[in-house]
Structures are given as structure tokens and as C-alpha cells.
Amino acid sequence: LTLPLLAGVDLAKEVLHQKSGRPPEGLTLVSGMRMLLDEVALALVEFRKTYPGVRVRCLYADDRRVEAMVEHGEADLGLMLEPGPGSAPQ
């Protein structure tokens, strides 16, 4: 279950690393509470081992707010669950 999440975090690390040639000083991640508790927490263990000097700040919000926070620069990375079958578009 966490492999796609880890891949997403790895991609974000690559993009941030490419901008300056070194890891950022801090990274702000926003997601829903369930994802933060059940999946992000596991991925952060490996991230912290690889990048111990990067401060990670985790925020929680609903999917609409997650998207807005990333668009407005309030967070560097937003993680959302894909809507299930039969979900109404928002």
C-alpha cells in the first residue's frame, strides 16, 4: 500500500533536489488525517533516514483544501486519495 506513496515522495524529493542541487532545508506536506497516520508516517521514517537534515512539517486538510494549499504555496506537497467509484466530482 505504501509503495505508490513512497514513489510520490521520492519524486517530490527529486524535483526539490534539482532546483538547488541539494535537499531543501524544509518540506511542508499536507494530506488527509487517515493518510497521514496510516501511510505518510511510514514513508517519513525512510525519508528521515535518507535526509536527516530536512525538516518535515505535516499538515492535515480535506481534499479541496489540500489542492488550494499547494496552489497557494502553503505546502510543497499535497497527497490525496483518488475518489472511489460512484463518488460525485467536486
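**Figure 1. Aromatic pairing in the predicted model.** In this predicted model, the count of aromatic pairs comes to one. The partners are phenylalanine 47 and tyrosine 51, whose rings form a tilted pair with a centre-to-centre distance of 5.5 Å and an angle of 35° between the planes. Those two values are quoted together because a pair of aromatic rings is described by the distance of the centres and the angle of the planes. Phenylalanine 47 counts as buried because its relative accessibility is 4%, under the cut-off of 20%. Tyrosine 51, with a relative accessibility of 21%, counts as partly exposed.

**Figure 2. Overall arrangement of the chain.** The protein chain contains three helices and three strands, and these elements follow the pattern α-β-α-β-α-β when read along the sequence. Of its 90 residues, 29% count as buried, while the accessible surface of the chain comes to about 6,300 Å², with 57% of that area belonging to carbon and sulfur atoms. Among the contacts in the chain with a separation of 6 or more, 68% are accounted for by residues 24 or more positions apart.

**Figure 3. The largest nonpolar core and a second, separate one.** Ten residues make up the largest nonpolar core, namely Leu27, Leu29, Met35, Leu36, Val40, Leu44, Phe47, Val54, Leu77 and Leu79. At least two residues of this core are supplied by each of β1 (26-31), α2 (33-50) and β3 (77-79), and the largest share, five residues, comes from α2. A second, separate core has six residues, including Val30, Leu59, Ala61 and Met69. As general background, nonpolar side chains tend to be buried together in soluble globular proteins. Valine 54, one of the residues of the largest core, touches Pro23, Pro24, Glu25, Gly26, Leu27, Phe47 and Arg48 when residues up to four places away in sequence are not counted.

Figure 4. The buried residues in α2 are Met35, Leu36, Glu39, Val40, Ala43, Leu44 and Phe47. An α-helix has 3.6 residues a turn, so residues three or four places apart point the same way. Arginine 34 also lies in α2, but this residue is partly exposed because its relative accessible area is 39%, between the cut-offs of 20% and 50%. Not counting residues up to four places away in sequence, arginine 34 touches Glu39 and Leu81; the C-alpha atoms of arginine 34 and leucine 81 are separated by 9.9 Å, although the two residues are 47 residues apart along the chain.

**Figure 5. The loop between β1 and α2 at glycine 32.** Glycine 32 lies in the loop that joins β1 to α2, and at 21% relative accessibility this glycine counts as partly exposed. Its contacts, leaving out residues up to four places away in sequence, are with Tyr60, Ala61 and Leu79. Glycine 32 and aspartate 62 are 30 residues apart in sequence, yet their C-alpha atoms are 5.7 Å apart in space.

Figure 6. With a relative accessibility of 48%, arginine 57 counts as partly exposed. Once neighbours within four places in sequence are left aside, arginine 57 is in contact with Leu27, Thr28 and Leu29, while leucine 59 touches Thr28, Leu29, Val30, Ser31, Leu36, Met69 and Glu74. Arginine 57 and aspartate 76, which are 19 residues apart in sequence, have C-alpha atoms 9.9 Å apart in space. For leucine 59 and leucine 36, which are 23 residues apart along the chain, the C-alpha separation is 8.5 Å. Leucine 59 is included in the second core, together with Val30 and Met69, both of which are among the residues that leucine 59 touches.

Methods. Residues are numbered from 1 along each chain as its sequence is written. This is a predicted model: local features need pLDDT of at least 70, side-chain atom pairs count only at pLDDT 80 or more; totals for chains, interfaces and linings use all residues. Side-chain values use heavy atoms; hydrogens and water are left out. Rings of Phe, Tyr and Trp (its six-membered ring) pair if their centres lie within 6.5 Å; planes under 30 degrees apart count as stacked, over 60 as edge-to-face and the rest as tilted. Buried means under 20% relative accessible area, exposed over 50%, partly exposed in between (1.4 Å probe, protein chains only). Helices (H or I, at least four residues) and strands (E, at least two) are DSSP runs, numbered from the N terminus. Contact means heavy atoms within 4.5 Å. Accessible areas come from the Shrake-Rupley method with a 1.4 Å probe; for residues, only the protein chains shown count as cover. A nonpolar core is a set of buried Ala, Val, Leu, Ile, Met, Phe, Trp, Tyr and Cys residues joined through side-chain atoms within 4.5 Å.
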